[in-house]
Amino acid sequence: MNYESYKTVEDSRTEWLKCIQYEDINGSGRLFGGRLMQWMDEVAGIAATRHCGGYVTTAAVDNLQFKAGCFINEIIVIRAKLTYVGHTSMEVRVDVYIEDRDSGQRRVINRAYFTEVHVDEKGKPVPLRYGLKPETEFEKAEWDGAKKRLEIRRKRRVEGF
């Protein structure tokens with residue numbers, strides 16, 4: 001690919017915190033999953049925008065996993081980072097944690113991979129200017145995993161899923 005230059009994962013890492021309020025809770029007394037998905041989508045979009053320096057739109061969400069519930073007054077942390085960059089699209093990993101008020105320790109409650117597409121003002125996909133340079137072994141493993149997820153998405157599209 002013909003990128004102008006490369007950015008690192010850290011260049012666009014994004015973190016957002018929220019204290020859960022009554023308006024965020026569903027009828028079972030837990031954080032409403034749809035609200036959490038909205039926040040995750042927003043944070044993924046911000047990370048992708050920070051990487052590409054332009055507009056993005058969400059094309060797919062993979063492996064959305066609700067691992068635990070979240071309740072009123074708990075602090076959640078949503079962290080997003082790029083895992084892969086293609087020609088017009090980027091994959092963004094989004095992890096959601098509950099942060100313990102006393103210790104500051106975080107435990108994962110949700111994770112997903114978002115595909116964000118770089119678009120122009122009219123919503124047409126445009127090539128990315130910046131590639132992604134994985135630096136750590138973990139970042140390289142995420143890159144490899146992203147390529148596998150991309151291939152699975154392509155197969156599913158062909159099969160009509």
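**Briefing: a buried arginine and its surroundings**

Arg153 is buried, because its relative accessible area is 14% and buried means under 20% (exposed means over 50%, partly exposed in between, with a 1.4 Å probe and protein chains only). The model is predicted, so local features need pLDDT of at least 70 and side-chain atom pairs count only at pLDDT 80 or more, while totals for chains, interfaces and linings use all residues. Residues are numbered from 1 along each chain as its sequence is written, and side-chain values use heavy atoms, with hydrogens and water left out.

**Overall build**

- The protein has three helices and seven strands, where helices (H or I, at least four residues) and strands (E, at least two) are DSSP runs numbered from the N terminus.
- Read from the N terminus on, the order of these elements is β-α-β-α-β-β-β-β-β-α.
- Along the principal axes, the C-alpha atoms of the protein fill a box of roughly 50 × 35 × 30 Å.
- Of the 161 residues in the protein, 42% are buried.
- Among contacts (heavy atoms within 4.5 Å) between residues at least 6 apart in sequence, 72% join residues at least 24 apart.

**Arg153 in helix H3**

- Arg153 has its place in helix H3, which covers residues 137-158.
- The side chains of Arg153 and Asp62 are joined by a polar contact of 2.3 Å, a polar contact being a pair of N or O atoms within 3.5 Å; within protein, one must be able to donate a hydrogen and the other to accept it, and residues adjacent in sequence count only if both atoms are side-chain atoms.
- When residues up to four places away in sequence are not counted, Arg153 touches Ala60, Asp62, Glu91 and Thr115.

- His118 is found in strand E6 (residues 106-119), and His118 counts as buried because its relative accessible area is 9%.
- A polar atom of the His118 side chain lies 3.3 Å from the backbone oxygen of Pro127.
- Leaving aside residues up to four places away in sequence, His118 touches several residues, among them Cys52, Tyr55, Met90 and Pro127.
- Although His118 and Ile98 are 20 residues apart in sequence, they are 31 Å apart in space, C-alpha to C-alpha.
- Ser89 lies in strand E5 (residues 89-99), and Ser89 counts as partly exposed because its relative accessibility is 21%.
- Ser89 touches Tyr84, Thr115, Glu116, Val117 and Leu128, again without residues up to four places away in sequence.
- Ser89 and Glu159 are 70 residues apart in sequence and 21 Å apart in space, C-alpha to C-alpha.

**Two asparagines with positive phi**

- Most residues other than glycine have a negative phi.
- Asn63, which is not a glycine, has a positive phi of about 55°; Asn63 lies in strand E3 (residues 55-66) and is partly exposed, with a relative accessible area of 40%.
- Asn73 is likewise a residue other than glycine with a positive phi, near 70°; Asn73 has its place in the loop between E3 and strand E4 (75-85) and is partly exposed, with a relative accessible area of 42%.
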